[in-house]
Amino acid sequence: MLRAYVIVVLIVAFGHSAVYNLVGMTGSIIVLAVLTLGTLGIWVPAISRARPWPLEWRRLPWAILGYCALALVSVTWSHWPLATLLTGLLLLSLTLHALFIAHMLSWRELLRAMASSLKWLLGLSVAIELWVALVVRHPILPFFFDAPGDEVNAHWYWVRGNLIEGGRIQGIVGNSNMLAALCLVAIIVFGVLFAARVRWRTTLALWTLVAAYFLVRAASATIYAAAIAVAITLVVALLMRRAPGPGARTRLYVVALGGTAVLAAAAIVFRGPILERLGRTGDLTGRFEIWQQVLERAATSPVFGLGFSTPWIPSEPEIHGWIVDHGITVFHAHNMWIDVLFQLGWVGVVLMAFIWASLLWRSWFFAVDRPRWDLRGDRPFSPLTLAPRSSRSCCSCRASRSPRRS
């Protein structure tokens, strides 16, 4: 029952835009509030009954919690305090769910829950794309409003019905880039579980093919680049596991970093033909103009920013009509670092950089080092450790540290 509940939470977290498109803002807030109360109702009694106290405070992700605190405190200087409060509570709720899942499940159980939630989202994406393409036969708006394709802005559509006729598909989440990101995460999770020889490997392989097909049809240049980075990282990690000693690892690091630098330089030099091949313009489909406007406004409050709001609330007077793309008010900067600088200034950027650097450091050595929880250092590598994660857990549960489950 716990795993089933976690799957529901992950479906809502990964597919939050689908929930919004289905039940609207009020409905999505109610769904999130119910899940938050449910998580507290399960987690608080579990912690209070456990002896000894199961949470190790030093193992909590304090940098992430510090970022959450900064986001909430920014309401005192925010240019949009109501949006800061609303999205800050959303951030706290999702962080609460993340800590709950990390505490209650082992790493294998968490990967299995992620796989199940991603299968649901992929399956629902297949279903809604087929339904719109074969039954409705015209694009649909959020909340299942029925409107002909020539009467509204095409960017307002939830699903455009391009599965059979061709073109970018959006799936249940209603956004091609988000769908592609979910597909890439699904391929990683499915691949790790397949390598770990879990049950139903044939089914996993079929779901991987579905995710790969949707990733290609979503046609997200950003996720294509991310997929290349994932493939390179996997190759380097596997080579690191086979390195006979520190010297060999050092040489691999030099070759990997040098090769990455060469590829990055080539991508910059040939970005024009590459973007043209991907159907993108030289300014990344208007991204440069958006970044310039956001940076100009961020410069008015560079230290602490203008106030947290992720996403931006289009109804806010200072946001509505500020940056318009395809007739729609833009609600994020299309770049995480610029967005953080805009909202929380350089303080937020430094904190976010520390968060990502620490997560990268821990997840990398979790992937390339042998499992260890005592002095023994010859245990075989596990495919499960290739899934990126922080090796620091927020709990001291015996289940998450036992050799059998590790």
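## Second largest pocket

By class, 5 nonpolar, 2 polar and 5 charged residues make up the lining of the second largest pocket. (Ala, Val, Leu, Ile, Met, Phe, Trp, Tyr, Cys and Pro count as nonpolar, Asp, Glu, Lys and Arg as charged, and the others, Gly among them, as polar.) This is a predicted model: local features need pLDDT of at least 70, side-chain atom pairs count only at pLDDT 80 or more, and totals for chains, interfaces and linings use all residues. Residues are numbered from 1 along each chain as its sequence is written, and side-chain values use heavy atoms, with hydrogens and water left out.

The pocket holds about 270 Å³ of space. Its lining includes Arg3, Arg112, Lys119, Arg197 and Trp200. Helix 5 (107-136) and helix 7 (201-218) each supply at least two lining residues. Helix 5 gives the largest share, 4 residues. Helices here are DSSP runs (H or I, at least four residues), numbered from the N terminus. A pocket is an open set of points on a 1 Å grid over the protein atoms alone, where a 1.4 Å probe fits, with protein on both sides within 12 Å along at least five of seven lines; lining residues have an atom within 4 Å of a point. The volume is the space filled by probe spheres set on the points, which are joined across faces, edges and corners.

## Aromatic pairs

The structure holds 10 aromatic pairs (ring centres within 6.5 Å, using the six-membered ring of Trp; planes under 30 degrees apart are stacked, over 60 edge-to-face, the rest tilted). Trp80 and Phe342 form a tilted pair, 5.7 Å centre to centre with 35° between the planes. The pair links distant parts of the chain, 262 residues apart. Trp80 sits in the loop between helix 3 (62-73) and helix 4 (81-104), Phe342 in helix 12 (residues 336-368). Both are buried (under 20% relative accessible area with a 1.4 Å probe, protein chains only; exposed is over 50%, partly exposed in between). Ring pairs join Trp80, Trp312, Trp322 and Phe342 into a cluster.

Trp361 and Phe365 both lie in helix 12, 4 residues apart, about one turn. Trp361 is exposed at 58% relative accessibility. Phe365 is partly exposed at 27%.

## Charges over rings

Arg297 lies over the face of Trp322, 4.5 Å from the ring centre. Arg201 lies over the face of Phe194, at 3.9 Å. The criterion: NZ of Lys or CZ of Arg within 6 Å of the ring centre and within 35 degrees of the ring normal.
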